[in-house]
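This briefing is meant for a reader who is meeting the structure for the first time. Please look over the sequence and the model before reading the points that follow.

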Amino acid sequence: MIKSELVECVMRTYPGLYQRDAETAVDAVLDAIADALADGNRVEIRGFGAFSAKERRSRVGRNPRTGQRVPVEAKRVPMFKASKEIREALNQAGAKPPRSRNPAAAAHRLEAERSGGD
């Protein structure tokens with residue numbers, strides 16, 4: 001979903017709302033989230049998730065085209081953690097569960113489920 005689709009969704013939910021008013025409302029919410037993150041605050045929307053900013057330290061990266069090593073400065077990046085309700089809704093909608101990064105641990109869990117215990 002893109003921003004214009006979000007505006008259309010707001011207009012469908014509130015039929016008496018003009019498009020420019022829906023755009024203003026969506027812009028206001030997004031701007032408030034961005035401003036709070038820029039100020040170093042965390043934004044939590046109950047039932048949806050939490051936005052925060054994470055510090056990334058400086059490192060040496062690599063230019064994928066030339067292979068040349070390049071310094072990458074320290075920076076802050078936005079993070080989002082979905083709420084429990086959102087995660088449950090995604091899994092109930094038929095989405096596959098996430099794959100484990102540790103195949104041995106996944107195999108152990110699968111064996112434990114089959115045997116009915118640890």
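S3 and S4 form a hairpin with six residues between them, and glycine 67 in its turn has a positive phi of about 80°. This is a predicted model, in which local features need pLDDT of at least 70 and side-chain atom pairs count only at pLDDT 80 or more, while totals for chains, interfaces and linings use all residues. Residues are numbered from 1 along each chain as its sequence is written, and side-chain values use heavy atoms, with hydrogens and water left out.

**Strand pairing**
- Strands are DSSP runs of E with at least two residues, helices are runs of H or I with at least four, and both are numbered from the N terminus; two strands pair if DSSP finds at least two bridges between them.
- Strand S3 (residues 59-62) is joined to strand S4 (residues 69-72) by four bridges in the antiparallel sense, and arginine 62 has arginine 69 in S4 as its bridge partner.
- Strand S2 (residues 49-56) runs antiparallel to strand S1 (residues 43-45), with three bridges between them, and alanine 50 in S2 is the bridge partner of glutamate 44.
- S2 is also joined to strand S5 (residues 75-82) by eight antiparallel bridges, where arginine 56 stands opposite lysine 75.

**Serine 83**
- Serine 83, in the loop between S5 and helix H3 (84-92), counts as buried because its relative accessibility is 11%, where buried means under 20% relative accessible area, exposed over 50% and partly exposed in between, with a 1.4 Å probe and protein chains only.
- Beyond its neighbours within four places in sequence, serine 83 is in contact (heavy atoms within 4.5 Å) with Gly47, Phe48 and Gly49.
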